[in-house]
There are 2 protein chains.
Amino acid sequence: MKYTYTHPRPSVTVDCVVFGLDEDDLKVLLIERDVEPFQGCWALPGGFVLPDESLEDAARRELAEETGARDVYLEQLYTFGRPDRDPRDRVITVAYYALVKMSSHTLQAATDARNVAWFSLNDLPTLAFDHDEILQMAHQRLVGKVRYQPIGFELLPEKFTLTQLQRLYEIVLDRPLDKRNFRKKILSMNILMETDEIQQDVAHRAARLYRFDHARYRKLTREGFNFEI
Amino acid sequence: MKYTYTHPRPSVTVDCVVFGLDEDDLKVLLIERDVEPFQGCWALPGGFVLPDESLEDAARRELAEETGARDVYLEQLYTFGRPDRDPRDRVITVAYYALVKMSSHTLQAATDARNVAWFSLNDLPTLAFDHDEILQMAHQRLVGKVRYQPIGFELLPEKFTLTQLQRLYEIVLDRPLDKRNFRKKILSMNILMETDEIQQDVAHRAARLYRFDHARYRKLTREGFNFEI
DNA sequence: CCAAAAGTGTTTCACTTACACCCATGA
DNA sequence: TCATGGGTGTAAGTGAAACACTTTTGG
């Protein structure tokens with residue numbers, strides 16, 4: 001082999017783009033850096049990969065440590081390795097994106113007390129390193145994937161109304177959807193389980209609550225069904 | 001920051017899954033390892049990322065050095081980082097996949113004289129490390145992507161017949177397509193440029209040759225066109 | 001003249017789209 | 001009783017799928 005194990009090694013980090021859904025906006029979770037470089041800048045949560053953990057384990061650990069988010073949907077996005085992307089040293093970062101149920105996750109401040117906050121995608125601060133590029137790619141991936149994989153549910157509470165689900169798609173895809181057609185389509189897929197509960201504390205007729213039926217979805221998928229909005 | 005730059009660093013490599021298309025088969029390019037571990041085993045071409053090159057540069061360099069392939073379609077696939085994926089040491093590999101025009105690329109043997117060969121996907125040898133997993137993922141990605149991005153053309157010669165194009169999709173998607181419907185659809189996209197040449201040296205009516213019109217495709221894409229087979 | 005692949009249209013069916021009103025509830 | 005969203009069906013249009021024969025060429 002031409003290059004041996006004694007060659008200079010880069011550092012390897014993981015960074016996470018955490019998406020959450022608000023009443024009317026897609027949000028990203030950022031942390032404020034308290035060390036140079038980019039001190040005071042907002043950045044994606046992330047950190048070094050430890051010797052004995054997998055990349056995904058590293059991402060989940062950093063996410064939990066820095067934001068308190070656990071048990072979230074997590075998927076590898078892309079690996080960024082421009083030689084000069086970190087001004088100090090060669091750092092290759094494996095980026096992940098996560099989808100969290102904002103409503104149920106009350107975020108803990110980072111263990112090391114850094115500032116953590118949600119930002120609307122339309123109103124982002126300047127980000128450290130190439131994190132803006134990473135974020136944009138994650139957003140593109142989400143928009144592309146939400147239409148043909150049932151990952152949108154990860155952004156909603158366990159039980160949700162059809163209107164909430166429709167809003168989710170309208171926000172992520174950034175275009176209005178027809179109410180009747182949307183309901184017809186999503187219900188005809190047979191991947192929603194109607195609960196016997198209804199919305200609480202609304203000043204109008206309460207809507208029925210549904211939940212995503214994972215088992216049913218897996219079964220249908222095995223039989224050749226393809227999710228698509 | 002909790003972990004510093006002095007933490008143990010993994011090695012980082014790139015590996016390439018190179019696809020080519022035969023008369024009737026999808027093929028992968030493999031090299032025979034001449035060092036331990038997995039000496040004598042077939043493996044994906046790849047190697048260490050040098051300190052001052054990007055990941056994609058590293059992939060292209062290794063590809064050229066080990067197989068002679070240049071100017072190919074190359075796309076990052078996924079990053080594999082199980083702590084024990086290399087028996088000697090922690091090695092994280094950034095996998096790429098490449099699509100090459102087998103007809104026009106005469107492969108050179110590797111610079112370091114290792115054995116290089118094409119294998120049919122249906123008749124693979126045992127592969128080193130987790131390379132089989134990488135290969136399977138690359139194959140899945142290709143199958144998934146070929147339908148909605150015009151990357152299939154990268155596997156054909158510059159000029160090709162509609163039948164060749166149809167065969168390509170039939171092989172990659174592993175199902176028969178209807179000739180008339182296929183032609184209607186692909187021609188109606190307006191992304192093929194009809195040449196004034198025809199197939200040579202065939203013992204039957206010679207078919208018209210077409211080429212993929214990149215400029216036209218980009219223009220249509222900007223206008224909202226979506227490729228889909 | 002035979003073998004082999006090139007080339008070509010129409011009908012059917014399924015799915016998508018557009019569209020508007022009444023109902024239930026809480027304030 | 002009013003404001004607010006919940007819930008529902010039909011018709012028209014568009015795109016996908018099924019399907020078979022004639023033409024061209026070289027051997």
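This is a predicted model: local features need pLDDT of at least 70, side-chain atom pairs count only at pLDDT 80 or more; totals for chains, interfaces and linings use all residues.
In chain B, F160(B) stands opposite Y210(B), a residue of strand β10(B).

β8(B) and β10(B), the latter covering residues 208-212, run antiparallel and are joined by two bridges. They belong to an open sheet of three strands in chain B, ordered β8-β10-β9, with antiparallel pairing. The edges are β8 (159-160) and β9 (192-198) of chain B, each of which pairs on one side only. As a general point, strands of a sheet pair through backbone hydrogen bonds, either parallel or antiparallel.

I turn now to the helices of chain B. Helix α3, residues 162-173, packs against helix α4, residues 179-188, at an angle of about 105°, and their axes are 11 Å apart. Angles of 65 to 115 degrees count as roughly perpendicular, and α3(B) and α4(B) are therefore roughly perpendicular to each other. On the α3(B) side the contact is made by L162(B), T163(B), L165(B), Q166(B) and Y169(B); on the α4(B) side, by K179(B), F182(B), R183(B), I186(B) and L187(B). Sorted by class, this contact has six nonpolar, two polar and two charged residues.

Several side chains place an N or O atom close to a base nitrogen of DNA strand C: the distance is 2.7 Å for K179(B), 3.0 Å for N181(A) and 3.2 Å for R180(A). The elements that give two or more residues to this surface are α4 of chain A and α4 of chain B. Of the atoms of DNA strand C within 4 Å of the protein, 39% belong to sugar or phosphate, and the rest to bases.

DNA strand D likewise has 18 residues around it, and K179(A), K184(A), H204(A), N181(B) and R205(B) come nearest. Here an N or O atom in the side chain of K184(A) is 2.9 Å from a base oxygen. For N181(B), a polar side-chain atom lies 2.9 Å from a base nitrogen, while for R180(B) the distance from a side-chain N or O atom to a base nitrogen is 3.1 Å. Again, α4 (179-188) of chain A and α4 of chain B are the elements giving two or more residues to the surface. By class, that surface has three nonpolar, four polar and eleven charged residues.

Terms used
Residues are numbered from 1 along each chain as its sequence is written. Chains are lettered from A and ligands numbered from 1 in the order in which they are written. Side-chain values use heavy atoms; hydrogens and water are left out. Axes are lines fitted to C-alpha atoms, for helices over the stretch in contact, and angles run from 0 to 180 degrees between N-to-C directions. Helices (H or I, at least four residues) and strands (E, at least two) are DSSP runs, numbered from the N terminus. Angles under 35 degrees count as roughly parallel, over 145 as roughly antiparallel, 65 to 115 as roughly perpendicular and the rest as oblique. Contact means heavy atoms within 4.5 Å. Ala, Val, Leu, Ile, Met, Phe, Trp, Tyr, Cys and Pro count as nonpolar, Asp, Glu, Lys and Arg as charged, and the others, Gly among them, as polar. A residue is near a molecule or strand if one of its heavy atoms lies within 4 Å of it. A polar contact is a pair of N or O atoms within 3.5 Å; within protein, one must be able to donate a hydrogen and the other to accept it, and residues adjacent in sequence count only if both atoms are side-chain atoms. Two strands pair if DSSP finds at least two bridges between them.
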